[in-house]
Amino acid sequence: MEKKQFAVLGLGNFGYSVAKEMQKEDCEVIAVDHIAERVQAIADDVSYAMRADIGDQEVMRTLGARNLDGVVIAVAENMEASIMATLACVELGVPNIVAKANNEIHAKILEKIGVKKQNIVYPEKEMGKRVAAKMVNEYVTDLWELSDDYQIIGIDVPRAWVGKSLEDLDLRKVHDLNVVCVVKGEDVDVNPDPKKVLEEDSKLTIIGANDSLNKLKRKNQ
């Protein structure tokens with residue numbers, strides 16, 4: 001089976017991390033940035049690293065972008081370069097394009113020129129929400145946005161819930177939320193027994209509408 005081939009354009013913190021993680025997944029990764037130091041820093045961790053202006057459409061053709069499985073456009077601060085690189089990938093028919101957006105206007109432009117809405121990411125914004133959630137609600141351990149209306153959160157079992165079962169708490173009825181996973185140490189239960197008592201130091205993964213989750217957070221602040 002042939003390895004999947006991807007290009008990551010822009011090697012700031014986000015692009016650097018994405019490129020290294022995809023390489024670890026046994027993919028062939030081409031990493032591109034216009035700053036020589038960034039290219040040198042990642043050269044030993046990816047299949048190929050090159051210095052180039054990602055805003056130059058000829059660079060996309062040189063990369064053979066049309067033959068890649070996907071491209072991650074990880075630069076957002078230089079909106080012009082981001083847009084030009086995205087446009088080149090769309091015109092070349094790259095099958096899977098993920099692009100980092102700096103703000104809502106940037107995101108709308110990316111969507112207009114052909115990037116799927118779900119493939120537009122805001123790493124700083126998303127991390128900001130995670131950090132804020134953890135700071136405001138100490139028991140919240142993680143947060144993932146599924147859409148504008150739904151989230152998944154990871155929480156430490158609140159003290160008030162210790163010694164009670166999911167059946168006792170009846171989160172689906174009381175809060176319109178679903179527990180999809182219970183974690184205790186190294187034990188991960190993706191089909192939790194509703195009658196089993198929740199223990200201290202356990203963690204729950206909960207899915208639900210933003211409104212329902214926000215009410216839960218406020219109740220347990």
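**Exercise 1: the surroundings of T86**

Task: determine which residues T86 is in contact with, beyond its neighbours within four places in sequence, and whether T86 is buried or exposed.

Solution. Contact requires heavy atoms within 4.5 Å; leaving aside neighbours within four places in sequence, T86 is in contact with I73, A99, L110, I113 and V115. The model is predicted: local features need pLDDT of at least 70, side-chain atom pairs count only at pLDDT 80 or more, and totals for chains, interfaces and linings use all residues. Residues are numbered from 1 along each chain as its sequence is written, and side-chain values use heavy atoms, with hydrogens and water left out. Finally, T86 counts as buried because its relative accessibility is 0% (buried means under 20% relative accessible area, with a 1.4 Å probe and protein chains only).

**Exercise 2: the lining of the largest pocket**

Task: state which residues lie closest to the centre of the largest pocket and which elements each supply at least two lining residues.

Solution. The largest pocket has a volume of about 590 Å³. Of its 19 lining residues, I120, Y122, E126, E145 and D148 are the closest to the centre. (On a 1 Å grid over the protein atoms alone, a pocket is an open set of points where a 1.4 Å probe fits, with protein on both sides within 12 Å along at least five of seven lines; lining residues have an atom within 4 Å of a point.) At least two lining residues each come from α5 (104-112), β6 (120-121), α6 (123-136) and β7 (140-145).

Conventions
Grid points are joined across faces, edges and corners, and a volume is the space filled by probe spheres set on the points. Helices (H or I, at least four residues) and strands (E, at least two) are DSSP runs, numbered from the N terminus. Buried means under 20% relative accessible area, exposed over 50%, partly exposed in between (1.4 Å probe, protein chains only).
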